[in-house]
Amino acid sequence: MSPAKNYVLNVLARDRVGIVAGVTEAIHKLDGNIDAMSQTVLRGYFTIIIAATFPDSVLPETVRLAAEATGEPGELAVSVKLLDPQAAAEPVVRECDQFVLSIMGRDRPGVIARISNFLSSRNINIVDLYAYAESGQFVLLSQVMVPRAMDVGQLQIDLENLWKKSDFIVSFQHENIFLATNRVDFRGTGG
Amino acid sequence: MLRSEDIIATLRMLRQENLDVRAVTFGVNLMECAGPDISQVCDKIRRKISSKAGRLVPVCREISEKYGIPVVNKRLAVSAVSALAEGHGETGMTKIAATLDESAKDIGVDLVGGYTALVQKGMTPGERTLIGTLPEVLSRTERVCASVNVASTAAGINMDAILLLGEVLLQTAKKTADRDGFGCAKLVIFANIPEDNPFMAGAYLGAGEPECVVNIGVSGPGVVKNALVRLRESCPNPTLGDIAEQIKLTSFRVTRVGELIGREVAAQLGVPFGIVDLSLAPTPKMGDSVGEILQAMGVTKIGSPGSTAALAMLNDAVKKGGMFASSSVGGLSGAFIPVSEDCALADAVAKGYLTLEKLEAMTSVCSVGLDMIAVPGNINADTLAGIIADEAAIGVVNGKTTAVRMIPVPGKKAGDMAVFGGLFGESVVLPVRNLRGSGDFVRQGGRIPAPLHSLKN
């Protein structure tokens, strides 16, 4: 397929059977080829992100309308953007290690805002985040990229101080401890 | 990308189940420090330990922070001092012991192992001297740990050395009588001593080991016990197969943590990584006990019939999980049953469920032998030698490591309490039956020949 355009497509809707089938069929009919996709369902709502390559003649708006038409009027919220190939090639933060941040405690408003502002102020990029509140208890699990030059010990102290005198348990650990204990094929680092 | 449930499973082990790294032991070969001038020998030892292992404690702290996992003990294991100090006599040996004690303190480690002699087939003058200095060294130094290998499957059992050590135990206990004979807690008498054991008091750097090496002792028994409690919550009537599987899975995770930390410590210190020792090593803390695992398996009165089978199953499952997790498994790698260091075992002894004879039977299926057992202070050297010989025979015939770490508690009789403090714990003094019934046997001296390696029934 040449020349070609790369788009990134996002769909949000209340979950039901057949959303993926409809949207991918629409892409196929436009001669699009899916390069990568990831979907998740949270509290009954579905979202998907798709990277796909289309013939040069296909416009973003054409893709959006075709995807939206696979649902009832107003059912699917679709957005389409031109994909910048450099986005995947260049890390958001250079020279970094992946850490796992976890926060657990009594639910209250503003926790995620506070922690994400703390992280961004230190140039720490969130690559995955999952949080939920259940029976008044809040749990946040996040994988973050930490610049290698950062003092991890000091970062841990600062994190603990964020919710001093509260019941929050905050931990911040290099991801290898989780990989080593869960992945059969983990080979580790170092000597 | 990590799954949420994997993250939560690891966090639970860290936060609720006492997952830690029990021991990071830095082995350093000191043979190049040998020489005719004892002052120079001591200077060289001091310099070498400082230059090679000086960063051990800060590196462990840094890695502990990075992974959010405690590294409980940082230790040193050095070449067998008997070989290093051969020819220097008592004064030289004790000076080296004092130097090791100071060096360990300087770099911030709590124990240093290697005041060691290997005498399974016979004793050199230096080895005999080292054994003779044990009461002095173990009473005068704070951090020095000693070990003597008196037997091996290949060489048999050196009864002359064993008898000598019976006397040494009594003298050491006497010199540390104000601490219930605590000096003896720092002496391990081995059959088939491993060269790469990271656990104290029996660690030393074997002759076949690298110049420097990092060996790791994995987490304690609390993780396994809690895993079994969780298994019972999710499955009210697990089979023994289910229990073995749960132990295996837990051991896999625990071993992986040990290897991860060990490799990183070694890399940062610029030395090779050696082994992960899978042994479950208890501490006197509640929730950190091998005895509690046996209880969680259903042996409510430890020492009852079935205890040996349960321990055998536990030990085997731990090894299977650990072996799959790492290709660098070594050391002792078995469940420890040190009575005073394990609250459930100490309790079983106090209640009379667990006897010396049953403990001996249990050591035939686990490492590392009769460990941290307080016996009456009026026991004689012959009887102590007989107990050591029995334990050595179990190791020699079964081709495994066994050991004796026994404390004759001065002035105390069976049923009294002996308190060693800290990680060494406390225990009721165990009765020893049939005293003075085997003196003629042990006093004959010589060596019990190496056993047959076929006809294994």
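A crossover is right-handed if, with the strands pointing away from the viewer, the path from the first strand over the helix to the second runs clockwise. In this predicted model, strand S9, helix H14 and strand S10 of chain B make a right-handed β-α-β unit. Helix H14 of chain B spans residues 381-398.

Strand S9 of chain B covers residues 369-376. Of its 8 residues, 8 are buried, so the strand is largely enclosed by the rest of the structure. S9(B) pairs with S10(B), residues 402-409, in the parallel sense. The pairing extends over 7 bridges. Within this pairing, B:Asp371 stands opposite B:Arg405 of S10(B).

B:Asp371 belongs to strand S9 of chain B. Its relative accessible area is 6%. Residues count as buried under 20%, and B:Asp371 is therefore buried. B:Asp371 and B:Val41 are separated by 330 residues in sequence. Their C-alpha atoms lie 33 Å apart in space.

S10(B) also pairs with strand S6 of chain B, here in the antiparallel sense and over 3 bridges. B:Ala191 stands opposite B:Thr402 of S10(B). The bridge partner of B:Ala151 in S6(B) is B:Ala191.

S6(B) is mostly covered, with 5 of its 5 residues buried. In a regular strand the side chains alternate between the two faces of the sheet. Both faces of S6(B) are covered. On one side lie B:Leu187, B:Ile189 and B:Ala191, and on the other B:Val188 and B:Phe190, all of them buried.

Rolling a probe the size of a water molecule over the atoms shows where empty space is left. The search of the whole structure finds 2 cavities of 30 Å³ or more. The largest cavity holds about 320 Å³ of space. Its lining comprises 27 residues. Nearest its centre lie B:Phe199, B:Met200, B:Ala201, B:Glu341 and B:Arg405.

S1 (21-28), S2 (71-78), S6 (187-191), S9 and S10 each supply at least two residues. S10(B) gives the most, with 3 residues. By class, the lining of the largest cavity has 18 nonpolar, 4 polar and 5 charged residues. Domain 1 (22-191) and domain 2 (219-440) of chain B both give residues to the lining, so the largest cavity lies between them.

The second largest cavity has a volume of about 40 Å³. It is lined by B:Val218, B:Gly220, B:Val224, B:Ser251, B:Val254, B:Thr255, B:Leu278, B:Leu280 and B:Val318. Helix H9 of chain B, residues 240-269, provides the largest share of this lining, 3 residues. The lining of the second largest cavity divides into 6 nonpolar and 3 polar residues, with no charged ones.

Chain A is likewise assigned domains. Domain 1 of chain A takes in residues 4-88, and domain 2 of chain A residues 96-182. The C-alpha centres of domain 1 and domain 2 of chain A lie 31 Å apart.

Key. Residues numbered from 1 in each chain as written. Chains lettered and ligands numbered in written order. Predicted model: local features only at pLDDT ≥ 70, side-chain atom pairs only at ≥ 80, totals over all residues. Heavy atoms only, no water. Buried < 20%, exposed > 50% of the residue type's maximum accessible area, 1.4 Å probe, protein only. Helix = DSSP H or I, 4+ residues; strand = E, 2+ residues; numbered from the N terminus. Pairing = 2+ DSSP bridges. Domains from an automatic or database assignment. 1 Å grid on protein atoms, 1.4 Å probe; cavity = no way out; pocket = protein on both sides within 12 Å on 5 of 7 lines; lining within 4 Å. Points joined across faces, edges and corners; volume = space filled by probe spheres on them. Nonpolar A, V, L, I, M, F, W, Y, C, P; charged D, E, K, R; others polar.
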